[in-house]
Amino acid sequence: MTWKPSVISELLHHRARGLSKGDPVALPILPSSTFLLPGDPDGSHFYGRNGNPTVESVEAEIGLLENAEAVLFPSGMAAVAAILHTQLKPGDKVLVHADGYYNVRALLEEHFVPRGVIVETCPTAEMAEADMTGCRLVMIETPSNPGLDVCDIAAVADRAKAEGALLVADNTTATPICQQPMDLGADMVLMADTKAMAGHSDVLCGHVASRDTALINQIRTYRRLGGAIVSPFDAWLLHRGLETLELRVFRANENALAVAQMLEKHPAVQSVRYPGLPRDVSHAIASHQMREYGPIVSFTLKDRKSAEMFIENNPLIVPATSFGGVHTSAECRIRWGDQVAEGFVRMACGIEPTEDLVIATEKALDTLR
Ligand SMILES: *Cc1c(COP(=O)(O)O)cnc(C)c1O
């Protein structure tokens, strides 16, 4: 029988296999802008914008998780920008999620529409039926954030391919632990590693991954020329997070499911969205393409005041935006102008013991009556 360790074991062990006696077992941080270069260049490191050993080690780790080549960026949006800049030219048409990460659409509107790119939007739940005629690029985010709608990635990929469009999947909410869009036909994945990948709310970073060598080389060249280089210190923080990614994601998912199950039964809650709930409209497709359902639960309380009170009265919630950290956090999304009800709460589960989080959340809801 041939047995191969899982990618997680490989992530944890591959570095040590390449070491010699006396080498450090932990990944060193190498903050050098320039490297010794006598004579002619020979492919070794020579300048920090072209390559850094710490950054490359972390890219190799992400490459294992994605089963693809990965290029690191100093934020998720820098990764988005690299994709848009390398793939779009005047006259191209883009189809983008109407309900995913807002800044992606803002970047397109602000910088690409004036340069002759045509932008069309479609709600995540309707992506598989969208009109992709003449599209150059289709950008999906599933589950979408904060609404937690889901689209059938394989179906969208088939449609995109038939139209000759590239399919890009923002996999930030799911992470490669829960979902592998490239296995389902996506050409590229982008992630805000700021969230669960780094996982400790202390660094911004992002990446683009692709199994298409020509595409990923365009992204890498763009980074070298555009200069959006991640620092070796920040890359190292991401590395530290990646070593516990699977453990953290499993616990956060378990917490989200347990919280969602409790919310479903609580009289103060008007509605709950979590793709892991069998009753959720996203569940049929999500259960087909996701291994687990992510750390985010969205739900609606009576009004904004109830939502704020719930957040304030829950000692295990940090009132903050973002997600994927070790602490559970929550916010009223109406404050950002999202198309949601006044009492809509996005709760991003951390890695607290599940029972603690469920009890604290239930008690905070009880105070609303
Ligand atoms: C946070 C986020 C981004 C942007 O990442 P930054 O690191 O903040 O630039 C992109 N997409 C999604 C889904 C996100 O949640």
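Me: Hi! Leaving aside its neighbours within four places in sequence, which residues is F310 in contact with?
Reply: Hello! In this predicted model, F310 is in contact with F299, L301, I317, V345, M347, T361, A364, L365 and L368.

Me: Nice list. Which residues touch the most other members in the largest nonpolar core?
Reply: F310 is one of them, along with V138 and F299. That core holds 75 residues.

Me: And which helix gives the largest share of this core?
Reply: That would be helix α9, which covers residues 245–265 and supplies 7 residues.

Me: Okay, where does this core lie relative to the domains?
Reply: Domain 1 (7–242) and domain 2 (246–366) both contribute residues to this core, so it lies between the two.

Me: Which residues are in the other core, the one apart from it?
Reply: V71, I83, V117 and M139 are among its members. That separate core has 28 residues.

Me: Let's change topic to L245. Where is L245 found?
Reply: You'll find L245 in helix α9.

Me: Is L245 buried or exposed?
Reply: L245 is buried, because its relative accessible area is 1%, and buried means under 20%.

Me: What does L245 touch, not counting residues up to four places away in sequence?
Reply: L245 touches L65, I177, A196 and M197.

Me: What separates the C-alpha atoms of L245 and G116?
Reply: A distance of 40 Å. Along the chain, L245 and G116 are 129 residues apart.

Me: New thing: how many cavities of 30 Å³ or more does a search of the whole structure find?
Reply: The search finds 1. The largest cavity contains about 90 Å³ of space.

Me: Which lining residues are closest to the centre of the largest cavity?
Reply: Those are A196, R248, V249, A252 and G324, out of 14 residues that line the cavity.

Me: What gives the most to the lining of the largest cavity?
Reply: α9 does, with 4 residues. As for the domains, domain 1 and domain 2 each provide at least three residues of the lining.

Me: Last one! How do the residues of that lining divide into nonpolar, polar and charged?
Reply: The lining has 8 nonpolar residues, 5 polar ones and 1 charged.

Conventions. Residues numbered from 1 in each chain as written. Predicted model: local features only at pLDDT ≥ 70, side-chain atom pairs only at ≥ 80, totals over all residues. Heavy atoms only, no water. Core = buried A, V, L, I, M, F, W, Y, C linked by side-chain atoms within 4.5 Å. Buried < 20%, exposed > 50% of the residue type's maximum accessible area, 1.4 Å probe, protein only. Helix = DSSP H or I, 4+ residues; strand = E, 2+ residues; numbered from the N terminus. Domains from an automatic or database assignment. Contact = heavy atoms within 4.5 Å. 1 Å grid on protein atoms, 1.4 Å probe; cavity = no way out; pocket = protein on both sides within 12 Å on 5 of 7 lines; lining within 4 Å. Points joined across faces, edges and corners; volume = space filled by probe spheres on them. Nonpolar A, V, L, I, M, F, W, Y, C, P; charged D, E, K, R; others polar.
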